[in-house]
Amino acid sequence: MADGDFASSSLVSAYEEGEGSLQDLIQSFLAAKLLEATWTAQGAFIIFIPNVTSNCAKWKKHAGNNGERRYCAPEGMYIMNAYTKPQKEDDQDHGFKDGATGMDPGTVSSWGDFNIDIHDLIQSSASVYQSHGLGPSANMYDFVGFVKQYKSDPGSVYKQPSVFTIPVCELQSFNWKQSDQMGDDSPPCDCLNAQDKWGHKFMDVTTPDIQDWIKGKCS
């Protein structure tokens, strides 16, 4: 909520310009934040490799067979991953994974009939990372923009910056090796010191499990 927009006349005006249910609007936003909280709790994080553009669409490793966990942007490539600390040595449900539970595109799109696409989640997180980084301002929602986008094109509303804010770890440019070989014993060690252009650190905003994983293998 930025500058009181939730209660401002501009928000009301933005909604009244179109047609639809205010309840549907609120439910859509809450659904997005519930999904984000669920995935973040499961250790979801995004790897960003800057300047990777021409090869992005061909990338398969940790991006799903059809690239469902990959987002190709003008500034580089984003890949969705997840890590939760194993509870025992043979625990197959934890450790490094290509995505948190429920990140299959079909599951996501049908969840609650909100038609939330996994690419929208990555794009929204990537956009806010580029515009606000990992600091507190990344969570300042533009409710007026959300409402206007919902009224004009409900299907694209989840791509807006700050609707999703999954933590982003920026690797060194063209550092393919880390993203290709990530696993329980080989985390992306650039994340240990990774920060956005404003100096906010990835390790300050990610989960304790991911912090322990990276510090334990990379320190």
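Me: Which residues is Y78 in contact with, leaving aside its neighbours within four places in sequence?

Reply: A contact means heavy atoms within 4.5 Å. With neighbours within four places in sequence left aside, Y78 is in contact with I46, I47, F48, R69, R70, Y71, A73, I122, A126, Q130 and V168. Please keep in mind that this is a predicted model, in which local features need pLDDT of at least 70 and side-chain atom pairs count only at pLDDT 80 or more, while totals for chains, interfaces and linings use all residues. Residues are numbered from 1 along each chain as its sequence is written, and side-chain values use heavy atoms, with hydrogens and water left out.

Me: How many residues does the largest nonpolar core have, and which have the most contacts inside it?

Reply: A nonpolar core is a set of buried Ala, Val, Leu, Ile, Met, Phe, Trp, Tyr and Cys residues joined through side-chain atoms within 4.5 Å. Buried means under 20% relative accessible area, exposed means over 50%, and partly exposed lies in between (1.4 Å probe, protein chains only). Here the largest nonpolar core has 48 residues, and Y78 and F202 have the most contacts inside it. Two or more residues of this core come from each of α2 (22–41), β1 (44–50), β2 (70–73), β3 (76–84), α4 (118–132), β5 (168–170) and α7.

Me: Which strands pair with β3?

Reply: Two strands pair if DSSP finds at least two bridges between them. β1 and β3 run antiparallel and are joined by 7 bridges; within this pairing, I46 has M80 as its bridge partner in β3. β2 also pairs with β3 in the antiparallel sense, over 4 bridges, and A73 has G76 as its partner in β3. A hairpin through 2 residues connects β2 to β3. Strand β4 (residues 95–97) pairs with β3 in the antiparallel sense over 3 bridges, with T84 opposite G95 in β4.

Me: Is β3 mostly covered or mostly exposed?

Reply: In a regular strand the side chains alternate between the two faces of the sheet. β3 is mostly covered, with 9 of its 9 residues buried.

Me: How many salt bridges are there, and where do they lie?

Reply: A salt bridge is a side-chain nitrogen of Lys or Arg within 4 Å of a carboxyl oxygen of Asp or Glu. By this rule the count is 3. One of them joins the side chains of K33 and E36 at 2.9 Å, N to O. Because K33 and E36 are 3 residues apart in helix α2, about one helical turn separates them. Both K33 and E36 are buried, and E36 has a relative accessibility of 9%. Leaving out residues up to four places away in sequence, E36 touches V163, F164, T165 and I166.

Me: Which salt bridge links distant parts of the chain?

Reply: D212 forms a salt bridge with K85, their closest N and O atoms being 3.0 Å apart. D212 is in helix α7 and K85 in the loop between β3 and β4, 127 residues apart. D212 is partly exposed at 40% relative accessible area, and K85 is partly exposed at 34%. Another salt bridge joins the side chains of K217 and D185 at 3.2 Å, N to O. K217 lies in helix α7 and D185 in the loop between α6 and α7, so the pair ties together parts 32 residues apart in sequence. K217 is partly exposed at 44%, whereas D185 is exposed at 64%.

Me: Is G183 buried or exposed, and what does G183 touch?

Reply: G183, in the loop between α6 (176–180) and α7 (208–218), is buried at 13% relative accessible area. Not counting residues up to four places away in sequence, G183 touches F96 and W213.

Me: Which element has the lowest mean pLDDT?

Reply: pLDDT is the predictor's confidence in each residue, from 0 to 100. The protein chain averages 77, and 72% of the residues score at least 70. Among the elements, helix α1 (residues 9–16) has the lowest mean pLDDT (44) and β5 the highest (95). Over residues 1–19 the pLDDT is below 50, and this stretch has 29 contacts in the model beyond near neighbours in sequence. Where pLDDT is low, the predicted coordinates should not be read in detail.
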